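Visitor: Hi! Could you walk me through this one?

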Number of protein chains: 2
Amino acid sequence: MTSFFFECLGQDGAARTGLLHTGRGVIRTPAFMPVGTAGTVKAMLPESVKETGADILLGNTYHLMLRPGAERVAALGGLHRFMNWPHPILTDSGGFQVMSLSGLRKVTEDAVTFQSHIDGSTHVLSPERSMAIQDLLGSDIQMVLDECTPYPATQEVAQSSMALSMRWALRSKRAFRAVQGRGLFGIVQGSTFADLREQSAERLMEIGFDGYAVGGLAVGEGQEAMFETLDVTVPHLPQDRPRYLMGVGKPDDLVGAVARGIDMFDCVIPTRSGRNGQAFLKTGTLNLRNARHADANEPIDPNCRCPACRSYTRAYLHHLIKAEEILGAMLLTWHNLTVYQDLMADLRAAISGQGLAAFVHDFHAKRDANRD
Amino acid sequence: MTSFFFECLGQDGAARTGLLHTGRGVIRTPAFMPVGTAGTVKAMLPESVKETGADILLGNTYHLMLRPGAERVAALGGLHRFMNWPHPILTDSGGFQVMSLSGLRKVTEDAVTFQSHIDGSTHVLSPERSMAIQDLLGSDIQMVLDECTPYPATQEVAQSSMALSMRWALRSKRAFRAVQGRGLFGIVQGSTFADLREQSAERLMEIGFDGYAVGGLAVGEGQEAMFETLDVTVPHLPQDRPRYLMGVGKPDDLVGAVARGIDMFDCVIPTRSGRNGQAFLKTGTLNLRNARHADANEPIDPNCRCPACRSYTRAYLHHLIKAEEILGAMLLTWHNLTVYQDLMADLRAAISGQGLAAFVHDFHAKRDANRD
């Protein structure tokens, strides 16, 4: 079994490209992780997800603990086997979705108690339980349980929330069952306060993790504040470990964050917006619900390698979306994930070739010309 | 361009196996046609439909005329290109779904006027318009417009409805634009009355069609009455033309109808029930919503060649269905269409080998042992 480590292959400014080695395979970075919420990347066969270029998926601890249940998944051979994805999986801690999806919640020093959004049943999630669940799922990259600080927050609230997350990070590290080839990531919190972000990063490095995530962003602060927070956070993270910006984002968020030294991303945007009829272009988007596509006898992008672009017109995709046909969700999800993976491949190539600044400039120029 | 003709390769009792040659390809009979209602077999890529073993799809004139519209499909290159299915397509006339789906209807000698179930707009469907629409779609097998007689009907109502259908059949034949490689099928009506069915078949043969369908069945009369009607209808149809039982059915309906000389079928059962969590076994069914599958670490059928059975457990499929995940609909549709196509292949082989009686006996014995 390969051990878990990050191999940096090239740098261009703050941006890096490399390989994250795990026991279940190598992840090319910068990497975008499609979200497989409930044991499936919605509307996609896993072999199709792989075909788009994904090296790793994200699974949601919150969803999987509630349904089908972590012990059940373990008894069925683990999440990889359950969902037929033999490649790496990162699981979040469940904390973020407890806050955003569940009913009545109570956060104490010990744990968070919440009600399932599915059936109202009461559950408890502690750092130890989150680690146990992620271990039962068989996750390759596990995340510490943290409290995602609401935005906006006063410095006082952000400080106290961050401090709780740091105590939970230590408990998570202690509860993590280290298995060869698997890694545990800490999560920097501290809202948009530079000093808190620095303190959080320092504390996590004292504890020591296989990778470092930046959490508590993409929660309404806007792209500018997000980038500013990365600017004051990333320099405090170690060079030899992967950096993961959680829950981000749109293509221009990814481009800006990669330029600031981020290596990994996850986001529901390409999958969710695909199901809603929005197609990403290399730069810009297309709303296929729009009646102006009804007679458009051309693909979304003639240069795209995905099945939606190889074999179908915008008119057909418009029809599928209007008729609420499942095939519309299937094809647009496939397309959007392809666009995202191709963007990551382009970013990796640009960094390798010391051409990131030119790539970013070109990306913004084209994006501004292609708004739908 | 190949001309349109039926080549009988073998007979076993009343059952036949053969090849229906069309300009867009050969259809192995007995054939099951998956239903691609609105220009898509729901939850399936067309290449996956082909992989299940389907040689031909059915498209619904009613749905396609309302959305996206026949003229639009024609301008986009026809239905085959629109939906990326280069193989044969049979279109129905629209008549049946006007009766079952649309709002306020008025049937006159000339045409049926109805309101769209989508937006309430008023439309007129005459034999001539139905033929024009099917021609615009580019359909390989076109169906005459008929009135599907409601069940039950008095002999008087059934007689008058059948007579109208026969006058419409003649008008359809006259309006049909004959293109090399395409065929037009007549539809026998007459409810469950043997004399009316015979009269209808005789009248259609006088007009002359490339194939003959049996309509007005599977509308609540039950399997026994359906088979009795086939017994008094099929012997009046010509040996050298394909026979199509419309809207049928469950596997045991197909087996019984093939034994009575039917060559072609279409039905939404495998696709619709797949979306609802029902999986067909070689004989019998499995309701994957049932909690008893939650921990079942085995495929639906270890001998099935479909992706759902090759790579997933019943427990996973149960989870997908409970969580209303699109992948559940995708996998179960694929499975059910595979089971249907494999049944047709088995029937063709049984007829070729003069072993249909043994096959039917075995099928019923196993089915009775496998009810869920």
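Visitor: How do strand 11 and strand 12 of chain B pair, and over how many bridges?
Guide: This is a predicted model. In it, strand 11 (residues 183-188) and strand 12 (residues 211-214) of chain B pair in the parallel sense, over 4 bridges.

Visitor: Which residue in strand 12 of chain B is the bridge partner of Gly186(B)?
Guide: That partner is Tyr212(B).

Visitor: What sheet do these strands of chain B form, and in what order?
Guide: An open sheet of 8 strands in chain B, with parallel pairing and the order 4-14-13-12-11-10-6-5. Strand 4 (31-33) and strand 5 (57-59) stand at the edges with a single partner strand each, so one side of each has no neighbour in the sheet. On average, neighbouring strands here are turned by 25° against each other, direction ignored.

Visitor: Which residues have the most contacts inside the largest nonpolar core?
Guide: Phe185(A) and Phe185(B), in a core of 227 residues. Beyond its neighbours within four places in sequence, Phe185(B) is in contact with several residues, including Ile141(B), Met143(B), Phe209(B) and Tyr212(B).

Visitor: New topic: why is helix 13 of chain B largely enclosed?
Guide: Because 8 of the 9 residues of helix 13 (residues 314-322) are buried, the rest of the structure largely encloses this helix. Among the buried ones are Tyr316(B), Leu317(B) and His318(B).

Visitor: What do those buried residues pack against?
Guide: The buried residues of helix 13 of chain B pack against helix 12 (307-311) and helix 14 (326-352) of chain B, together with helix 4 (79-83) of chain A.

Visitor: And what comes just after helix 13 of chain B?
Guide: There, Glu324(B) takes a positive phi of about 55°.

Key
Residues numbered from 1 in each chain as written. Chains lettered and ligands numbered in written order. Predicted model: local features only at pLDDT ≥ 70, side-chain atom pairs only at ≥ 80, totals over all residues. Buried ≥ 20, exposed ≤ 12 C-beta atoms within 10 Å, placed from the backbone. Helix = DSSP H or I, 4+ residues; strand = E, 2+ residues; numbered from the N terminus. Contact = placed C-beta atoms within 7 Å. Pairing = 2+ DSSP bridges. Axes fitted to C-alpha atoms, helices over the stretch in contact; angles between N-to-C directions. Core = buried A, V, L, I, M, F, W, Y, C linked by C-beta atoms within 7 Å.
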